[in-house]
Amino acid sequence: MMARPPKAPLIAPYPGLEIREDSIAYSGRFAMQIVRFTYERFDGSRSGELTWELWRRGAAVVVLPYDPWADSIALIEQFRLPAHAAGFDPIMKECVAGLCEPGEDIEVSARREVREESGLEPDLLEPIGKFMLMQGGCDESVQLYCARVRLPEPGAAGTYGLAEENEDIRVTVLTADEAFALLDSGGIQNATGALALYWLRHHRPRLREEWTRP
């Protein structure tokens, strides 16, 4: 029997849930778990048996770097094979993001990812919220933050990423208005980037006041 990866523990008990099989089908970079189960329906009856493939990715962070003095933001671009497979342009404008290391504090993860993927050093982090990305098939949860940073002039770009992971990440600085126009025109095609920008548009006046006080 295949050993259980640390990120693919047995499914925890839940009222009305009956687990009939909980096994590992694949254990590569991420595990694929096979779960056969029934559950208690809303009317109290027992459901039929379901078999789900559960993709185990764990906790992640997403960070939108924002400069309240210049009213500008930083987005990144990199090649995304799944986007290409889904028929999208594989070079998407996104927020900084990454998986948390086991046992790592979530804010430490956020600051590490910002540093690795953009070369920036945030001095403040404000939580946006915690969300699931694919609750129908994957356990990945993401904690979104907005980070206070000092950014170069809009249009400036640099390339970052970890060489040992073959990362090639391009950073682009946009004014907040440019970013919101991109969002409204459909130029942001990933959920976390769109969510972070919608949040910033709502909270931007408050952040510009609070984050620029002497």
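Let me begin at helix 1, which covers residues 81–85 and is where Leu81 is found. Before I go further, please keep in mind that what we are looking at is a predicted model. Is Leu81 buried or exposed? With a relative accessible area of 55%, Leu81 counts as exposed, because the cut-off for that word is over 50%.

The secondary structure comes to four helices and ten strands, and from the N terminus on the order of elements is β-β-β-β-β-α-β-α-β-β-β-β-α-α. Of the 214 residues, 42% count as buried, and among the contacts with a separation of 6 or more, 51% are between residues 24 or more positions apart.

Strand 1 and strand 2 form a hairpin with three residues between them, and eight bridges join strand 1 to strand 2, which takes in residues 31–38. Within strand 2, Arg36 is the residue that stands opposite Glu21.

Let me move on to strand 8. How many of its eight residues are buried? The answer is eight of eight, and both faces are covered, with Ser141, Gln143, Tyr145 and Ala147 buried on one side and Val142, Leu144, Cys146 and Arg148 buried on the other. Strand 8 pairs with strand 4 in the parallel sense over eight bridges, while its pairing with strand 7, residues 124–132, is antiparallel and also runs over eight bridges.

In soluble globular proteins, nonpolar side chains tend to be buried together. Here the largest nonpolar core has 26 residues, of which Leu64, Ile73, Cys146, Leu197 and Leu200 touch the most other members. At least two residues of this core come from each of strand 4 (59–67), strand 5 (72–77), strand 8 (141–148), helix 3 (176–184) and helix 4 (191–210), and helix 4 supplies the largest share, with six residues. If we take Leu200 and leave aside its neighbours within four places in sequence, it is in contact with Leu64, Tyr66, Ile73, Cys146, Phe180 and Leu207. There is also a second, separate core of 17 residues, which includes Val61, Val96, Leu120 and Val173.

My last stop is helix 2, residues 106–118, where Ser118 is found. Is Ser118 buried or exposed? Its relative accessible area is 3%, and therefore Ser118 is buried, the limit for that being under 20%. A polar atom of the Ser118 side chain lies 2.6 Å from the backbone oxygen of Val114. Not counting residues up to four places away in sequence, Ser118 touches Val96, Glu113, Tyr160 and Val171.

Finally, a word on annotation: UniProt, in an unreviewed entry, places the feature "short sequence motif: Nudix box" at residues 98–120. In the model, that span is 57% helix and 9% strand, and its end C-alpha atoms lie 15 Å apart.

Notes. Residues numbered from 1 in each chain as written. Predicted model: local features only at pLDDT ≥ 70, side-chain atom pairs only at ≥ 80, totals over all residues. Heavy atoms only, no water. Core = buried A, V, L, I, M, F, W, Y, C linked by side-chain atoms within 4.5 Å. Buried < 20%, exposed > 50% of the residue type's maximum accessible area, 1.4 Å probe, protein only. Contact = heavy atoms within 4.5 Å. Pairing = 2+ DSSP bridges. Polar contact = N/O pair within 3.5 Å; in protein donor to acceptor, adjacent residues only side chain to side chain. UniProt positions renumbered as here; feature names shortened; annotations may be inferred.
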